[in-house]
Amino acid sequence: MLKTLIVGASGYAGVELVTYLDRHPHINITGIAVSAQSPDAGKLLSDIHPQLKGRVDLRLEPLNDVAALAKEADVVFLATAHEVSHDLAPQFLEHGCVVLDLSGAWRVNNGEFYTRYYGFTHQFPELLSQAVYGMAEWQGEAIKQANLIAVPGCYPTAAQLAIKPLLDAGLLNTDQWPVINATSGVSGSGRKASLSTSFCEVSLQPYGLFTHRHQPEIVAHLGTPVVFTPQLGSFPRGIIATTTCRLKAEVSAEQVSQAFHAAYDDKPLVRLYDKGIPALKGVVGLPYCDIGFAVDGEHLVVVSAEDNLLKGASSHAIQCLNLRFGFPETLSLV
């Protein structure tokens, strides 16, 4: 049994981690923690999230002594802000833990990226070079060897899964940048109360035009420029991304379909639509990314849908855990 600690367990992604890990046959949750300043410190997780009553009645420990918590863990999940994960991951790694981080602190192996897009100087360039980007569908072999796994962002997961097979197959005319319009539920903004994410205030609205930090993450891992426009929707959870691309001349819909099937037929958590287009209701509460497309001449529209808290965060992290330790990829997820 792997002794497992979840830091940031009271947040939306954190409680999903706890829920899935609790039913994992090779995991023993030995601790759940939050920052010492968190108003949740000292509370039972099941009092905050009643769906866990009688299942996970653990107390949220204040994160005062990293060394003491690390001694009781083989694996640590960090569902924390990027600046917190930046500081915590090296400490847990020093104590021999495998770290899976859900923040953006380790996703791009380039210190300049953090200075430019996150506004801080990355203090651990050697560890940053060793971090493995946890896009499970492509990075399986690297994940198996990694001690620091950076789980991709929710928007980048939906966007990259839709585009990369087409780039790899050489089907896109990249003179026209792929245009990604993606809408997320308000849970993507976290559990902390905010007027801007109150249901009475939220209205469908684009934000972060040309400035959202997930755009350079997408570009860094696809290796091609994109236009990325995120939008906040007035619904709790889920992401639907509509990506418009230009195909090379004479590329057919059949070739597009073949590229997707070649990439994902052996990937159990990506589901392809040969007919029809995915909708959020097909993925909310489930660990899948669903992908469908339509072609008109050289114009291609790809639609990808996922639960931002699951395939966009927690279940993707557990998928990486399964790969890292040689368990079946979907264990505890489906």
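Start with helix H4, residues 82-94, in this predicted model. Show its buried residues together with what they pack against: strand S1 (2-7), helix H3 (66-71), strand S4 (75-78), strand S5 (98-101), helix H6 (125-130) and strand S7 (148-150).

Now label the buried residues themselves. They are His82, Ser85, His86, Leu88, Ala89, Pro90, Phe92 and Leu93. Residues three or four places apart on an α-helix point the same way, because a turn takes 3.6 residues.

Next, look along the helix. H4 has 13 residues and reaches 19 Å from first C-alpha to last, close to the expected 18 Å. Stop at Leu88: H4 bends there by about 25 degrees. Pro90 follows within four residues. Past the end of H4, select Gly96, where phi is positive, near 85 degrees.

Move to the largest nonpolar core, which has 40 residues. Pick out Ile6, Val18, Leu21, Phe77 and Leu321, the members with the most contacts inside this core. Then colour the elements that give it two or more residues: S1, helix H1 (12-22), strand S2 (27-34), helix H2 (45-48), S4, S5 and helix H11 (314-324). Which element gives the largest share? H1 does, with six residues.

Last stop: another core, of 33 residues, lies apart from the largest one. Select Ile180, Ala241, Val256 and Ile291, which are among its members.

Key: Residues are numbered from 1 along each chain as its sequence is written. This is a predicted model: local features need pLDDT of at least 70, side-chain atom pairs count only at pLDDT 80 or more; totals for chains, interfaces and linings use all residues. Side-chain values use heavy atoms; hydrogens and water are left out. The expected span of a helix is 1.5 Å times one less than its number of residues. The bend at a residue is the angle between axes fitted to the seven residues ending there and the seven starting there. Buried means under 20% relative accessible area, exposed over 50%, partly exposed in between (1.4 Å probe, protein chains only). Contact means heavy atoms within 4.5 Å. A nonpolar core is a set of buried Ala, Val, Leu, Ile, Met, Phe, Trp, Tyr and Cys residues joined through side-chain atoms within 4.5 Å.
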